[in-house]
Amino acid sequence: MSVRNQSSEPSEDGGAPHALEAVGNHRAGFACFVGRPNAGKSTLTNALVGQKVAITANQPQTTRHTVRGIVHRPDAQLILVDTPGLHKPRTLLGERLNDIVRTTWAEVDVIGFCLPANEKLGPGDRFIAKELASIKKTPKIAIVTKTDLVDSKTLAEQLIAIDQLGRELGFEWAEIVPVSAVGDSQVGLLADLIVPLLPEGPALYPEGDLTDEPEQVMIAELIREAALEGVRDELPHSIAVVVEEMLPREDRPADKPLLDIHAFVYIERPSQKGIIIGPKGKRLKDVGIKSRKQIEALLGTPVYLDLHVKVAKDWQRDPRQLRKLGF
């Protein structure tokens, strides 16, 4: 079993460990993080990019769009594809999210399978690993996430179990890497190990680009993230957000710009409207304040955010509504 732990690999001269030497030829390619819902894929993507490009929340099915985070290095450009968690679908939306995952797997150069250190392997992990076993040519890295939440004994047991899982299904992991995105432990090492598995070639995106996700989609996701935090128990999957309009405020001086953003928060039933809005509109106001700060940090400009709640009846099961909401 090849487990990568930076502290166990001193340099040849006996000094402190160092990153892999830069390869002679530049590499560029795509890596995909997969795993069951809430395995830490989005948090890891953000840690590698160094900025928030994927939304996170403590509940499954947070990610709905395939977000590409771009990591620029002197020797390589690593494009990270963050997918929804593969799961047993109960709605048409769930089926479409699973289709996104499988399509992505077929197109990337490296697959990283995220498995939380603080949860024993379960049926969901084995289901995904079995699907990965059918993909013969693409290198697969096991990424043990959330290592800051466990002691060394628990981590060692998880590493052994993951190694055995691959053997049972007839394949060997290219690497097994324990990381903590929150504690910034071995995140850089993970990038070092992915890069040699990418094809040689020039950069695919301009220097400075961190994602190819359209701004309006990213803004909608930031609003949805803020909305999810307040209604985690009541409406885990019923919220969608669409940014209808983004326009610079007219008649503003050049040194004091203001961007007007008008967005709709969609829910599935009229009874959910009160949950989102909250008593005297307090919850929706809190969503607006929190997401506006994130949007202003993303865009680097002051924002006026206008939020409204609309009902789109049973949108997760309605093909027409799904298309309208961008799925």
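## An enclosed strand

In this predicted model, strand β3, which spans residues 76-82, is largely enclosed by the rest of the structure, because 7 of its 7 residues are buried.

## His26, ahead of β1

His26 is placed in the segment before β1, the strand of residues 27-34, and with a relative accessible area of 26% His26 is partly exposed. Although His26 and Ala76 are 50 residues apart in sequence, their C-alpha atoms are 5.3 Å apart in space.

Not counting residues up to four places away in sequence, His26 touches Arg73, Pro74, Asp75, Ala76 and Gln77, and also Glu200, Gly201, Pro202 and Ala203. With Gly201 there is a polar contact, in which the backbone oxygen of Gly201 lies 2.8 Å from a polar atom of the His26 side chain.

## Lys140, a buried charge

Lys140 belongs to strand β5, residues 140-145, and is buried yet has no salt bridge, the nearest side chain of opposite charge being that of Glu172, 11 Å away. A polar atom of the Lys140 side chain does, however, lie 2.6 Å from the backbone oxygen of Ile135.

Leaving aside neighbours within four places in sequence, the residues in contact with Lys140 are Ile111, Leu132, Ile135, Phe171, Trp173, Ala174 and Glu175.

Conventions: Residues numbered from 1 in each chain as written. Predicted model: local features only at pLDDT ≥ 70, side-chain atom pairs only at ≥ 80, totals over all residues. Heavy atoms only, no water. Helix = DSSP H or I, 4+ residues; strand = E, 2+ residues; numbered from the N terminus. Buried < 20%, exposed > 50% of the residue type's maximum accessible area, 1.4 Å probe, protein only. Contact = heavy atoms within 4.5 Å. Polar contact = N/O pair within 3.5 Å; in protein donor to acceptor, adjacent residues only side chain to side chain. Lys, Arg positive; Asp, Glu negative; His and termini not counted. Salt bridge = Lys/Arg side-chain N within 4 Å of Asp/Glu carboxyl O.
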